[in-house]
Amino acid sequence: VHYSHDANKRSICNNTIHSIDQDKNGIIWIGTDNGLSSINLKTGVITNYQNSAKDASSIPDNKILSVKCSDDGKVYVGTFYKGLCALNTKSGQFERFEVPKNQEIKNNATLNENRSRVYSLHIDVEEGILHVGTEGGLGIFDLKSSNYKRFIVFGNPSAEDATLTNRIWGITEDSDRNLWLASYGGGLIKL
C-alpha cells in the first residue's frame with residue numbers, strides 16, 4: 001500500500017513527510033509540509049488538519065516537523081513557525097502553547113525566536129513530561145498542567161554558534177532513562 005497526496009481524491013496533505021507516529025488506537029499520524037494527516041488503519045479513512053485563519057482552534061501552522069501521540073489521546077504537534085500545539089482527538093480542536101516570557105534567554109533573540117520551531121518530541125510517561133526539541137534548546141513541558149516548566153540551553157547562549165548547539169533535531173531515551181539529543185552542528189548530547 002502506498003499513500004501519497006492526490007488533489008483529486010481524499011489523500012494525505014502532502015508528499016513531504018517530516019514525522020510519523022501511531023496512537024494507542026492504531027491510527028497513524030503524519031506531519032507533512034502542508035498539514036497533519038491521520039490514517040485509520042481499520043477503516044482506511046484519511047483525515048487532514050490544516051490551518052484556517054478563521055478558526056482559532058485549527059492547527060496553527062501547516063508545516064509540521066514533529067508528531068507524538070500520548071496515552072491520554074492527545075496528539076502533540078511541533079510546527080515550523082508556530083511552536084507546539086496539541087490536538088484533542090475527541091473534539092478535533094487544537095490547543096496552542098506559548099513559551100512564557102520569563103523563560104526567555106537573555107542576550108540571544110535568535111534562540112528565543114527560534115523556540116517556535118519544534119523539531120522533535122519525546123514523552124516521558126513516568127514523569128508526565130514532554131521533551132520539546134526546538135531551535136532554541138530543549139523545552140520541558142508538563143503534560144498535567146500544559147505548561148513549560150523550563151528550557152535547557154546548551155553551551156554559552158550568547159556565543160555565535162549557540163543556535164547550532166541548541167537546535168535539537170532528535171530525542172530518544174535509553175534503557176537507563178538517559179535522554180540523548182541529536183543537535184544540528186553541536187554533536188550528540190546526553191542528559
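## Strands and their pairing

In β4, the bridge partner of Leu36 is Tyr49. Two strands count as paired when DSSP finds at least two bridges between them.

A word on the model: it is predicted, so to speak of local features takes pLDDT of at least 70 and side-chain atom pairs count only at pLDDT 80 or more, while totals for chains, interfaces and linings use all residues. Residues are numbered from 1 along each chain as its sequence is written, and side-chain values use heavy atoms, without hydrogens and water.

β3 and β4 belong to an open sheet of four strands, ordered β1-β2-β3-β4 with antiparallel pairing. Its edge strands, β1 (17–22) and β4 (46–49), each pair on one side only.

Further along, β9 and β10 form a hairpin with four residues between them, and Gly128 in the turn has a positive phi of about 70 degrees. Leu121 stands opposite Val132 in β10. Seven of the seven residues of β9 (residues 118–124) are buried, so β9 is largely enclosed by the rest of the structure. Buried here means under 20% relative accessible area, with a 1.4 Å probe and protein chains only.

| Strand pair | Sense | Bridges |
|---|---|---|
| β9 and β10 | antiparallel | six bridges |

Overall, the chain has two helices and 15 strands; these are DSSP runs, H or I of at least four residues for helices and E of at least two for strands, numbered from the N terminus. Buried residues make up 48% of the 191 residues.

Notes. Buried means under 20% relative accessible area, exposed over 50%, partly exposed in between (1.4 Å probe, protein chains only).
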